[in-house]
Amino acid sequence: MTPETMQQLIDLTYIIAVVGFILALKWLSSPASAMRGVLIGEIASGMAVVATLFDPQVSHYKWIIIALIIGAAVGIPLGMVKTTAVPQRTALSHAFGALSAAIIGIAEYYVGIGAHNLSRFQMVEIGLEVIIGSLTVTGSLIAAGKLQEILPQRPITYKGQNFVSLSVLCTAVILMLILVIHPEYTHVFEAMVGVALVFGVMLVTPIGGADMPTVISLLNSYAGFSAALLGLVLNSKVLVVAGALDGASGFILSVIMCKAMNRSFTNVLFGAFGQLQVSAVKTEQKPVRSASAEEAAEMLNSSQLVIVVPGYGLAVAQAQHKLRELYDTLTKRGVDVRFAIHPVAGRMPGHMNVLLAEADIPYEKLFEMDDINGEFPQADIALVIGANDVTNPAARHDKGSPIYGMPILNTDQARTVMVIKRSMNPGFAGIDNELYYLDKTLMLFGDAKVFLTSIVKELSAVHA
Amino acid sequence: MEHVDLSLIFVFILSGFLGVELIKRVSPLLHTPLMSLTNALDAIVVVAAIIIAGRHETRLSTTLGLIAVAASFSNMVGGFIITDRMLHMFKTGKAKKQ
């Protein structure tokens, strides 16, 4: 076979792969067809990789095979993590994705410089690609570190942060512009990569845990677009398509997360987010009502509709399986149990859904905010487990609150509100929650897993 | 004025719009698997990494290419495994009883 025929066969495989990618995303529209989507994605990617190994440009196989084996050896355990660790795994995979895109861009730059055939247009593409890729690498690593709690989850801020961060980003862009005029200044290129890496750190350090869903989506989008830009550099359509699809996905998710937190998208694009200026307001000791597991069990037993509001605390306490036991017990007694999922509940888009699905809670019991908010007035009990800011009524009326305007779950409209919480410490945004002081609210103090266990135990003691 | 091939920019814009339309239709229920799946698909960067590593142009480009092969292939393998695992968890009430 001539190299030309081979190349055409490979290109044909890439076209088929692209169709596979598009179908994979199309079939992800519903849980029923989603498995088929993953399968076709796997086949498409596998075909593309195998076809590439036959590329006439590839002459040495030994090291490539070793690199593929190392990749698989790292990837398999990363694919087997617990569902509670999915957010940090995702952040890490954004870092890996961006790393490969960035270093291929770097390799292309040096090869192009060596051969003296780098056009200005290519230099712009490589420059943008390497800047976005590099900042995504360090940004994602910081995000993963925060999610894994190696780094502090609290936002780290200082005065004039936005100005400093933007100056650093501008420096990277200016260095790129110098390179467009003088591509041969390799030390300028190295400086540009370094500045972009620093900017990635500066972009994510000020972000608090509660803003992680937005940040992860944004980093996803950056990782995708850097791959698409790399496709432009390398003249590879399959990369352009896959990168653009990934970038668009991250972009849409960022927009959804922004809307769910009532932040403008420009605000996020310029990295000026996550900086809820928390004034350490000393809240006077307001009285709260608390209840025991026994009392809670009795009330749950005699109710008709219970809406559970899960949050990140559920994942931290690993209480999803206990929650399923509660769901089973109550369902058997004829109680209608539903789950209200706020778009930013947890640490990444859809985090709560995966957690509850893992515990075998049927997905038709999981409701999005807009679909269930009207049901709260009919609910006998709203049971809040590990969620905080997304239930705070202050978002509706308190103009001074940092979360004012954020769409919330109307938990306060249920006849009784129960909140399982360790203590009265405010949430990640550091805002006191009015919900806890309502007359209809009962605080159930304790670890979510332990408390749910005792409720289930009490329930089985109560005769239906 | 140097010659600039804009055909790939067309591909980029069209895929971007297609992506937006496709992803809007994905159920919010599946947003986490969506992110891990797009991550796995994005790992197709591995094909570019294989070419860079396989061309053997300079020692630097080969080394960087090999690191990129390992990094992106780990995303491909890990991304598909975890997406598959998560989607297996989503069951309806009827399926659960069976």
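# A tour of chains A and B

The contact between the two chains takes 78 residues from chain B and 97 residues from chain A. The model is a predicted one, and every stop below refers to that prediction.

**Stop 1**

Select chain B alone. Its secondary structure comes to 5 helices and 0 strands, and reading along the sequence gives the pattern α-α-α-α-α. Of its 98 residues, 58% are buried. Among contacts in chain B with a separation of 6 or more, 62% are between residues 24 or more positions apart.

Now bring chain A back and colour the side of chain B that touches it. At least two residues of that side come from each of α1 (7-24), α2 (31-42), α3 (45-55), α4 (59-89) and α5 (93-97) of chain B. Which helix gives the most to this side? Select α4(B): it supplies 26 residues. Colouring the side of chain B that touches chain A by class gives 47 nonpolar, 22 polar and 9 charged residues.

**Stop 2: B:V45**

Select B:V45 and show its surroundings. Apart from neighbours within four places in sequence, B:V45 is in contact with A:G97, A:S100, A:A101, A:I104, A:A227, A:L230 and A:L239 of chain A, and with B:S72 of chain B.

**Stop 3: the largest nonpolar core**

The largest nonpolar core has 195 residues. Select A:F21, A:I104, A:L239, A:I385, B:V45, B:V46 and B:V69, which touch the most other members. Which helix of chain A gives the most to this core? Select residues 237-261 of chain A, helix α9, which contributes 16 residues. Domain 1 (60-269) and domain 2 (293-461) of chain A both give residues to the core, so the core lies between them. As general background, nonpolar side chains in soluble globular proteins tend to be buried together.

**Stop 4: the two domains of chain A**

Colour chain A by its division into domain 1 (60-269) and domain 2 (293-461). How many Å separate the centres of the two domains, taken over C-alpha atoms? The separation is 36 Å. The contact between them takes 20 residues from domain 1 and 18 residues from domain 2.

On the side of domain 1 that touches domain 2, the elements giving two or more residues are α4 (86-115), α8 and α9 of chain A. Helix α9(A) gives the most to that side, with 5 residues. By class, the side of domain 1 that touches domain 2 has 12 nonpolar and 8 polar residues, and no charged ones.

**Stop 5: the sheet of chain A**

Switch to a cartoon and select the strands of chain A in the order β3-β2-β1-β4-β5-β6, which form an open sheet of 6 strands with parallel pairing. The edge strands are β3 and β6 of chain A, each of which pairs on one side only. From one strand to the next the twist averages 25°.

Strand β2 (residues 336-341) of chain A pairs with β3(A) in the parallel sense over 3 bridges. Select A:A340 to see one partner: its bridge partner in β3(A) is A:F367.

Strand β5 (residues 416-421) of chain A runs parallel to β6(A), and 5 bridges join them. Select A:I420, whose bridge partner in β6(A) is A:L444. Is strand β6 largely enclosed or exposed? Select residues 441-445 of chain A: 4 of the 5 residues are buried, so the strand is largely enclosed by the rest of the structure.

**Stop 6**

Most residues other than glycine have a negative phi. Two exceptions close the tour.

Select A:N235, in the loop between α8 (212-234) and α9 of chain A. A:N235 has a positive phi of about 60° although it is not a glycine. Is A:N235 buried or exposed? It counts as exposed, because it has 12 C-beta neighbours inside 10 Å, and the cut-off for exposed is 12 or fewer.

Next select A:D360, in the loop between α14 (351-358) and β3 (366-368) of chain A. A:D360 is also not a glycine, and its phi is positive, near 70°. With 17 other C-beta atoms within 10 Å, A:D360 is partly exposed.

Note on methods. Residues numbered from 1 in each chain as written. Chains lettered and ligands numbered in written order. Predicted model: local features only at pLDDT ≥ 70, side-chain atom pairs only at ≥ 80, totals over all residues. Core = buried A, V, L, I, M, F, W, Y, C linked by C-beta atoms within 7 Å. Buried ≥ 20, exposed ≤ 12 C-beta atoms within 10 Å, placed from the backbone. Domains from an automatic or database assignment. Contact = placed C-beta atoms within 7 Å. Nonpolar A, V, L, I, M, F, W, Y, C, P; charged D, E, K, R; others polar. Pairing = 2+ DSSP bridges. Axes fitted to C-alpha atoms, helices over the stretch in contact; angles between N-to-C directions.
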